[in-house]
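Colleague: I keep getting lost when I try to read a structure on screen. Could you walk me through it, one feature at a time?

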Amino acid sequence: MPERGSYDLNAVVYELRRAGAGGVPDAATAIRLTALICDRLGCRTPREAYERMYADWRDLAEDTVRAGMFAGQVLTLLPLLQYEGPCATPAQQEELFRCAIAHGPTEPQWRAGVLGAAGMAVLNGTMSADPARMKEALARLEQARELMPPGSPERDAIELSHAAVRAHLAQLSGGEEDFDSAVADLQRLSGSEVLDPGARLAMEGQLAGFRARQATRREDEAALAAAVRELEAVLARIPPDHLDRSRIQGFLDASRANLLMLRAHRTGTFPPSGLGPAMPPLEEVRRLLSTLPTDVRIDELGSTGINRAGYATAADDAKGVSEGLELLEEALDLLDADDDRWLRFASSAGVGHCVLSGLPGVPVTRRRHHLDQGISWLSHTLRLAGGPEHPLWATMGMALATAYRRRGGTLPFDPRSARRNREEARRIGLDALRGTTWSVLLQSGTAHAAEVGRQAAESALDVARWCLLDGAYDDAVRALDAGRGLLLHAATVAATVPQTLASLGHADLAAEWEAAGPDPGGRAMALDGTAVMGLSNGTGVVGPSDGTGVMGPSSRLRRRVLDALSASPHGPRMLEPPTTGEIGAALRTLGATALVYLVPGGELMPSEDRVPGGALIVSADGSVRHLPLPGLAADAAPLAEYRATGAPGRDMGGPPADPARPPLDGRAALEGRAALERLCDWAGEAVMGPLLAALPRGFGRAPAVVLVPVGALGMVPWHAARTAGRRGPRHACQDAQISYLPSARLLCELAARPAPPATAAGRRSLVVGDPTGDLRHAAEEAAAIRAAFCPEAELLDDRTGTPEAVRDWLRRQRGGLLHLACHGVVRHGERHSSYLDLAGGRLTAEELTEGADRYPDLGLVVLAACSTNVSGRGYDEAYSLATAFLVAGARSVLGSLWTVPDGATSLLMYMAHHFMHRAGLPPGAALRRAQLWMLDDRRETPAGMPRELADRVPSIDARDLAGWAGFTHLGW
């Protein structure tokens, strides 16, 4: 062995650059280059070579140029040496970096190389587990980028590294807007000359895998199928010994599994048909992986095992799941317990064992073993995860809760053990839902939050059904509310962040949050078109690539804020739904009788019966009871028909995931009217009739009920549900005052708001009529309401009713009324999912919830427009213009469930104002009285109604539900 210092590190680096000029495309090249370093240093292993260089550097005078240059060269060689596993500790890498920067050469290219090497070190070894170090690495890569001229190969290489670290950090911490921005940068740089043909092909596969992940998150089956085809094309071209081949095969396996699951959800067929190509034989996979350097092999064993088991799970293939477990266990055997990969691989092994316990083909005698093994793995990994801030917390928790529930169902002759397992399932399931709430709060934009939270409602409904079966009704309330309206909850939390942080002594963090607030002009733009300010250090603002404005502070800043808030007394309010006692207190404040969750029936696991539908009733005294409603199901025939047909004139006939449909012709409108009538008959007979009969009725006073419909039940006009009466059909609104809210969280939030200032509402009101110039009756409605009820209100028309005029009034109002008679539009899943068409522009739901402005004194908002209480983000999110106004500060909102007819709407709205201003009724009661007036064939025209409206009163058809039943009340 050469003596210490007898080698020339400059010569080693030079020789290595020449030998590796073509990159490191395969394992053989990586091994050859690592062996070259070891040979020139006279060492047997990469770790020994690193330790020798580190010791020699420590022997040098620390404050010399030679020491700085030597440290930089060691950092440059380190990635190759770590192919066989981590060599340097994070502390040692930090020592080398500080010396190289402080004392090494000052040439920009050399310093950029050192900064780049230090930045990329986070993707190797134990440093990848530490988000704080990854943020520091990003800052170093940004310093390196500034040293290189734009467009140069060196600059492109640094930007590629920067995007790769951002993508890794986003996956580690759960910030989806960071991930999407990183993918956009990688796409932009994929054609750079810095990539040789092999690296470019690998990048093509990496990008296809990332696009598959995005499509899976959005539940976009077509985009996921396209990504699968891209991955198949890359695999057909990439050499068998390429270092990235197994990774791309893993992307393909995972993408195929996710595609199968999406198809299964759409068709209701498990396992889905069209399983696609078989997976490569296990021995072939092992042979390919055996040639990889150790650390790379660990990654690929684990990832391949996860993806193989996932694909086999979708196909009900017990043998494939077992093979995936074998690969995972091989990876775990090679890992240290403190390696961040251990948690991911071990939790996946736990899930795999739980899956095997229920698959056909697994011997009955082995199923309990697999279930116990899965519970053991998942219990351990959940403890290690620590809390809901871990990205895997919700997934691991729900898997473990489901496993306990399944085990409880396998113990019919041991009721005590069965009960304990069911109790544990409920406890863990409820705790897992906190992880989903955390993940939604972490997201910077409404779209990303909706994608992340999409599974929350399904998980929450599963846990709630367990609770209902077990008679744990308080827990059922908690579970249901934990999966509802998370976008609205996130917006509510965000609005209070600066004041809350300041009250906790975090003034600097509060200032960062406010400095990173929304920038409606989208002035600071990143390279991919995403608005960014200060993104490098996690402060800053992130926005959409369409240039329509920004969405708020980045997920990295949000994580710091959430860490601070969760450790404070505000943590429970942020992550936990309200208790039934708090719900009862809110009901009393609002003067309501009960909050009622309408829960559809459904299947659970094979060991348990189908859970019937029911109403979960929280009374004003905080007590909870369950009313079974066997006919309440999301697949009930009248509801399915209504979803397919739609109400008369409605602009969308299906669930929020469906695209908008073309206008209905006359025959279709008649079919829609008939479908709506059958829906209301079913709603009355199966649900509202029994429910209203079970509620207490005060003397001479109808009960006031706040409904929270779960899932697709949110599209039903429950207030229009009808039953057979002695004198003909009777609607629910004739026997009760019915309001709607997305969640008990929002109920409690509204009840805690102070009353608006006690000033004359007319002087604080704004009425907007027909701002687009094509709704004649809307213009008549606005003028009539202003003249009769608030003559001092501002009145805006097709010249003055601009979005900015409405925003300006909102900023100036102090407890006023806002009446908007205009067009409302829903665009399912788009950046702006719902908006009002105003003169020369739009007022969107997203700007109301994402913006920094809140209007705490706003009293009533009347949205006399189409579909203003229809969610474009999914039923359980209930994210609409109506709920967005509630979050923005309104105490009460009137909104619609479909495209409402212009003429009938103008009469209904006039009468709602009549009962508010002439009879002194609150908004919900006034809307009810107006609807009852529409239902009354002997209705009288009130004194003072303008002739253009009064002339249409005789033409009202009380039997036409579309004319009056579309409007709903939310709030006080």
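Colleague: Let's start with helix 13 and helix 14: what is the handedness of their crossing?

Modeller: Two packed helices are described by the angle between their axes and the distance between the axes. A crossing is left-handed if the near helix is turned anticlockwise from the far one by less than a right angle, and right-handed if clockwise. Here, the crossing of helix 13 and helix 14 is right-handed. The contact involves Leu282, Val285, Leu289 and Ser290 from helix 13, and Arg297, Glu300, Leu301, Thr304 and Arg308 from helix 14. Contact means heavy atoms within 4.5 Å. Helices (H or I, at least four residues) and strands (E, at least two) are DSSP runs, numbered from the N terminus.

Colleague: What about the angle between helix 13 and helix 14?

Modeller: Axes are lines fitted to C-alpha atoms, for helices over the stretch in contact, and angles run from 0 to 180 degrees between N-to-C directions. Helix 13 (residues 282-290) and helix 14 (residues 294-314) pack at about 160°, and their axes are 10 Å apart. Angles under 35 degrees count as roughly parallel, over 145 as roughly antiparallel, 65 to 115 as roughly perpendicular and the rest as oblique. Helix 13 and helix 14 are therefore roughly antiparallel to each other.

Colleague: Before we go on, what kind of model is this?

Modeller: It's a predicted model, where local features need pLDDT of at least 70 and side-chain atom pairs count only at pLDDT 80 or more, while totals for chains, interfaces and linings use all residues. Residues are numbered from 1 along each chain as its sequence is written, and side-chain values use heavy atoms, with hydrogens and water left out.

Colleague: Which way do helix 10 and helix 12 run, parallel or antiparallel?

Modeller: The axes of helix 10 (residues 197-218) and helix 12 (residues 245-267) cross at roughly 25° and come within 10 Å. Helix 10 and helix 12 are therefore roughly parallel to each other, and their crossing is left-handed. On the helix 10 side you'll find Ala202, Gly205, Gln206, Gly209, Ala212 and Thr216, which meet Arg247, Ile248, Phe251, Ser255 and Asn258 in helix 12.

Colleague: Now strands. Which strands pair with strand 12?

Modeller: Two strands pair if DSSP finds at least two bridges between them. Strand 10 (residues 766-769) is joined to strand 12 by four bridges, running parallel, and Gly769 stands opposite Ala821. Strand 12 is also joined to strand 16 (residues 860-864), by five bridges and again in parallel. There, His819 stands opposite Val862.

Colleague: Is strand 12 buried or exposed?

Modeller: Buried means under 20% relative accessible area, exposed over 50%, partly exposed in between (1.4 Å probe, protein chains only). Five of the five residues of strand 12 (residues 817-821) are buried, so strand 12 is largely enclosed by the rest of the structure. Leu817, His819 and Ala821 point one way, while Leu818 and Leu820 point the other way.

Colleague: What does Leu820 touch?

Modeller: Setting aside residues up to four places away in sequence, its contacts include Val768, Val806, Leu836 and Phe885. A nonpolar core is a set of buried Ala, Val, Leu, Ile, Met, Phe, Trp, Tyr and Cys residues joined through side-chain atoms within 4.5 Å. In the largest one, with 114 residues, Leu595, Tyr597, Leu820 and Phe885 touch the most other members. Helix 20 (residues 446-470) gives the largest share of this core, 10 residues. A second, separate core has 80 residues, including Ala782 and Phe789.
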